[in-house]
Amino acid sequence: MELTKWMNLAAKYGQDGLDRGDGGPFGSVIVRNGHVIGKGWNQCFLLSDPTAHAEIQAIRDACKQLQTLELVGGVMYATAEPCPMCLSAIYWAQLDAVYFACSKEISANAGFNDRKIYQQLELPWNARSLNMVQMPNEAATHLMQSWIEKMQGKQHEPTNSGPDHPECA
Ligand SMILES: [Zn+2]
């Protein structure tokens, strides 16, 4: 079955990466129209990068290859349920669907526990264990205003040459 084929491929990338010592036991592929457009495996150790999860790496791979910020129509196959960071990236990239194999409970049993992060995200920012402080700043406000004016200017141009995904640009 096609779906099993893609999940097996994701698992192969994960296994190869694990065998090399690149990172944890996770692999991912992104498929669109029957073709793999991105592949990734956990490379946190290799890159000294806590964000180099398999799903993030697959999104980076696909977007770089296709020179785009949007992967509409793409389906991700991940060997484990995405963590909150990867799930957010999946939304930003506008993937159509995610198939995952191991549940987050299985990952937690293997030492990859993201339950605390899920719990934290449900809290208001000022109630989280992370110390967050809102600090209004004129330069920061100006920066945002510059973007808004830039986008308004684009709307008046004859050609529609602005970023097609402004909230990500
Ligand atoms: Zn993740």
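Helices (H or I, at least four residues) and strands (E, at least two) are taken here as DSSP runs, numbered from the N terminus. With that convention, helix H3 is followed directly by glutamine 67, which takes a positive phi of about 50 degrees. The structure is a predicted model, in which local features need pLDDT of at least 70 and side-chain atom pairs count only at pLDDT 80 or more, while totals for chains, interfaces and linings use all residues. Residues are numbered from 1 along each chain as its sequence is written.

Along its principal axes, the C-alpha trace spans about 50 × 45 × 25 Å. A residue is called buried if 20 or more other C-beta atoms lie within 10 Å of its own, exposed if 12 or fewer, and partly exposed in between, with C-beta atoms placed from the backbone. By this count, buried residues make up 28% of the 169 residues. Two residues are in contact if their C-beta atoms, again placed from the backbone, lie within 7 Å. Among contacts with a separation of 6 or more, 46% come from residues 24 or more positions apart.

The strands come next. They form an open sheet of four strands in the order S2-S1-S3-S4, with mixed pairing; two strands pair if DSSP finds at least two bridges between them. S2 and S4 are the edge strands, each pairing on one side only. Neighbouring strands of the sheet are turned by 15 degrees against each other on average, direction ignored. Helix H1 packs on this sheet and touches S1, S2, S3 and S4, its direction making about 145 degrees with that of S1. Axes here are lines fitted to C-alpha atoms, for helices over the stretch in contact, and angles run from 0 to 180 degrees between N-to-C directions.

Strands S3 (residues 75-80) and S4 (residues 97-102) run parallel and are joined by five bridges. Across this pair, tyrosine 77 stands opposite tyrosine 99, and alanine 78 stands opposite phenylalanine 100. In a regular strand the side chains alternate between the two faces of the sheet. Together with helix H4 (residues 84-93), S3 and S4 make a right-handed β-α-β unit. Right-handed means that, with the strands pointing away from the viewer, the path from the first strand over the helix to the second runs clockwise. Tyrosine 91 lies in H4 and counts as exposed, with 9 C-beta neighbours inside 10 Å. Its C-alpha atom is separated by 12 Å from that of valine 75, 16 residues away along the chain. In the loop between H4 and S4 sits glutamine 94, whose phi is near 60 degrees, a positive value in a residue other than glycine. Glutamine 94 is partly exposed, with 15 other C-beta atoms within 10 Å.

Turning to the interior, a nonpolar core is a set of buried Ala, Val, Leu, Ile, Met, Phe, Trp, Tyr and Cys residues joined through C-beta atoms within 7 Å. The largest such core has 28 residues, and those with the most contacts inside it are Ala10, Val29, Ile30, Ala58, Ile59, Met76 and Tyr77. At least two residues of this core are supplied by each of H1 (2-20), S1 (27-32), S2 (35-41), H3 (54-66), S3 and H4. Leaving aside residues up to four places away in sequence, isoleucine 30 touches Ile37, Gly38, Ala58, Ala62, Leu71, Gly74, Val75, Met76 and Leu95.

The buried residues of H3 are Ala54, Glu55, Ile56, Gln57, Ala58, Ile59 and Ala62, and their cover includes H1, S1, S2, S3 and H4. H3 has 13 residues and reaches 18 Å from its first C-alpha to its last, close to the 18 Å expected at 1.5 Å a residue; the expected span is 1.5 Å times one less than the number of residues. In helix H7 (residues 138-156), the number buried among its 19 residues is zero, so H7 lies largely in the open. The end C-alpha atoms of H7 are 27 Å apart, which agrees with the 27 Å that its 19 residues should span at 1.5 Å a residue.

Finally, glutamine 67 lies in the loop between H3 and S3. Glutamine 67 is exposed, with 6 other C-beta atoms within 10 Å, and has its positive phi although it is not a glycine.
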